[in-house]
Amino acid sequence: MIKYTSEYATGLDGSDPLSAFRKKFSVKDEHVIYLDGNSLGRLTNGVSEILQACTEKEWGDRLIRSWNEGWYTKTTELGDKIALLAGASPGEMIVSDSTSVNLYKLVVSALSHNAGRKKIITDDLNFPSDIYILQGIVETLGEDYELVVLHSEDGISPDLNILENALDENTALLTLSHVVFKSSFCYPMKEVTAMAHNKGALMLWDLSHSIGAVPGELTLSNADLAVGCTYKYLNGGPGAPAFLYIRKNLQHSLISPIWGWFGQDKPFDFKLDYHPANGIKRFLAGTPPLISLVPLERSLDILLEAGMEPLRQKSIKLGEYLLCLADEVLIPLGFKIASPLDPERRGSHISLRHAEAYRICKALMDDQIGSFVLIPDFREPDNIRLGLTPAYTSFTDIYHAVKELEEIVSKGIFKKFTGDKEEVT
Ligand SMILES: *Cc1c(COP(=O)(O)O)cnc(C)c1O
């Protein structure tokens with residue numbers, strides 16, 4: 001097949017309008033094929049210098065004066081930039097805490113806003129941490145509150161009719177992952193938000209697996225609330241703080257359940273009664289982790305320069321190329337596609353299922369085997385996720401990845417590995 005040649009892949013890279021963006025990221029070894037940017041995005045070039053300036057100059061020399069020289073406004077400045085990637089407006093987002101904690105803050109405040117209603121709806125395609133947070137909230141609030149976790153038959157896609165029918169007059173909140181972490185299913189944001197609103201429920205999207213790869217449509221959908229991660233396609237670095245979004249005209253009627261001084265109207269008045277700040281800042285709690293926060297800006301600027309629409313177009317092309325090679329080469333070796341085939345309904349990673357998925361992943365990552373090291377990730381029970389990050393993944397990466405997968409499975413090389421699991425997979 002002509003498409004399964006390195007010349008063909010090189011040709012696709014040659015006509016890729018975003019190909020130059022790869023150089024903005026740290027790619028030290030072209031023999032390491034990194035397809036896990038949906039779990040931890042690559043390091044952006046220049047970040048070491050930014051961190052050095054932050055520690056040596058801002059912290060070392062300027063000391064506490066730095067709070068008035070740019071630190072204090074970082075959470076909203078970065079939020080404004082993420083808002084543009086998510087189809088929201090400046091003033092509707094802040095960077096703070098982790099995704100899990102932000103979800104907690106927004107869900108609790110949404111429930112007290114929609115106080116007559118007692119039901120939260122989500123589904124079992126959602127990320128486990130999100131479901132734990134919801135379980136914990138229902139447990140804490142007690143009695144009347146109820147969490148409904150809808151079931152997906154095939155573990156890949158939801159049934160939107162079942163979803164629509166589950167919404168009722170008692171539903172306070174519908175919360176879903178925009179792109180599902182395992183299968184990559186991408187919800188039609190506008191349609192689903194409208195379903196929730198038709199029944200008077202608030203809609204909260206978790207954008208962790210879409211932000212930076214799939215354009216958000218928060219304003220277009222009239223979505224109420226959103227949270228998301230910055231260390232995946234936004235390349236903020238391990239444990240970089242997350243973001244949260246509240247629709248502008250809803251902000252004044254929501255109160256964070258965590259009344260910290262950074263969310264207070266005038267924290268430096270040190271008055272003893274809490275008055276929430278105007279706008280989105282009321283959802284800040286404590287002092288933001290500045291050193292973990294600064295790497296994000298460089299990457300956001302790069303993504304804004306590339307533009308969400310071109311990034312999405314490239315992501316789709318990468319996915320179509322991978323699926324085309326998988327069809328030809330990997331399906332005959334026992335792989336199954338566990339992601340939607342319709343690019344409109346798919347995010348930016350593709351899941352392959354194989355009975356030996358875990359041992360195959362170990363063989364792929366072993367630097368003694370094959371001519372390349374391929375880093376995907378494994379998700380229970382038998383998923384190999386291949387993350388395609390449009391800002392830096394090349395078509396040549398995909399060609400080499402399929403070659404490695406073919407080699408390791410067709411020659412049975414994975415059999416040299418045990419199935420013992422590492423702590424982090
Ligand atoms: C990655 C991810 C998270 C991670 O949450 P943290 O609190 O930042 O660890 C949460 N939700 C979804 C959907 C994710 O993909």
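D97 is partly exposed, with a relative accessible area of 31%, where partly exposed denotes values between buried, under 20%, and exposed, over 50% (1.4 Å probe, protein chains only). The side chain of D97 meets that of K105 in a salt bridge with an N to O distance of 2.6 Å, a salt bridge being a side-chain nitrogen of Lys or Arg within 4 Å of a carboxyl oxygen of Asp or Glu; K105, at 0% relative accessibility, counts as buried. The model is predicted, so that local features need pLDDT of at least 70 and side-chain atom pairs count only at pLDDT 80 or more, while totals for chains, interfaces and linings use all residues. Residues are numbered from 1 along each chain as its sequence is written, and side-chain values use heavy atoms, with hydrogens and water left out.

In the whole structure, 19 salt bridges are found. Among them, E305 and K24 are paired at 3.8 Å, N to O. E305 is exposed, at 54% relative accessible area, whereas K24 is partly exposed at 29%.

The ligand is surrounded by twelve-membered surroundings that include S98, F127, H209 and Y231. Polar contacts, meaning pairs of N or O atoms within 3.5 Å (within protein, one must be able to donate a hydrogen and the other to accept it, and residues adjacent in sequence count only if both atoms are side-chain atoms), involve a ligand nitrogen atom 2.9 Å from a polar side-chain atom of D206 and a ligand oxygen atom 2.6 Å from an N or O atom in the side chain of K232. Taken alone, the ligand exposes 390 Å², of which the protein buries 87%, with accessible areas taken from the Shrake-Rupley method with a 1.4 Å probe and, for residues, only the protein chains shown counting as cover.

Terms used. A residue is near a molecule or strand if one of its heavy atoms lies within 4 Å of it.
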